[in-house]
Amino acid sequence: MAGHWKEGATAWRTTPRPRGWKAIRAEVLARDDHLCTWIDDGQRCTTEGTDVDHVGDPEDHSPNNLRTLCTYHHRKRTALQARAARGELPSRQRPTPQHPGLITPSPTTTQRPAGARGVQAGGGSGAREALERGREQAARYRDEPGY
Ligand SMILES: [Zn+2]
């Protein structure tokens with residue numbers, strides 16, 4: 001029977017409940033007034049607590065390593081533990097979202113003046129003629145006597 005529970009990354013999930021867990025659980029729930037003890041940004045969740053969570057060592061079933069959580073926060077906590085067990089640290093995951101990769105390419109392509117491309121691609125001579133005509137006119141204005 002010993003060695004049935006695998007040690008390692010998923011140990012938190014497979015840790016067996018100790019004998020008398022029901023009593024321990026009831027004790028913790030009573031101590032916490034059956035209220036969730038989750039604290040987020042200094043705000044304590046006061047939803048009805050139905051789950052008992054291990055604060056630290058999942059094999060330490062002493063009441064001061066246990067706390068009452070509501071279903072929502074127990075699920076959240078379990079998700080965090082699962083991620084940690086896979087070696088994904090939430091604090092490292094957040095600063096590297098997709099944004100930098102998405103933002104950089106689009107401005108560089110859209111910032112190119114559309115006109116410059118159009119002149120080279122389609123019927124460039126007409127546009128160039130118009131440009132030269134404009135220059136001639138500008139030159140004429142300047143040379144015009146009595147201006
Ligand atoms: Zn809660």
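How many helices and strands are there in the protein chain? In this predicted model, for which local features need pLDDT of at least 70, side-chain atom pairs count only at pLDDT 80 or more, and totals for chains, interfaces and linings use all residues, the numbering of residues starts from 1 along each chain as its sequence is written. The protein chain holds 8 helices and 4 strands, where helices (H or I, at least four residues) and strands (E, at least two) are DSSP runs numbered from the N terminus. Along the sequence, these elements follow the pattern α-α-β-β-β-β-α-α-α-α-α-α.

Buried residues account for 9% of the 147 residues in the protein chain; a residue is termed buried if 20 or more other C-beta atoms lie within 10 Å of its own, exposed if 12 or fewer, and partly exposed in between, with C-beta atoms placed from the backbone. Of the contacts (C-beta atoms, placed from the backbone, within 7 Å) between residues at least 6 apart in sequence, 44% join residues at least 24 apart.

Most residues other than glycine have a negative phi. H34 is located in the loop between α2 (21-31) and β1 (39-40) and is partly exposed, because 13 other C-beta atoms lie within 10 Å. D41 belongs to the loop between β1 and β2 (43-44) and is exposed, because 4 other C-beta atoms lie within 10 Å.

R75, in helix α3 (residues 71-85), is exposed, because 12 other C-beta atoms lie within 10 Å. R75 and D51 are separated by 24 residues in sequence and by 9.6 Å in space, C-alpha to C-alpha.

Notes
Two residues are in contact if their C-beta atoms, placed from the backbone, lie within 7 Å.
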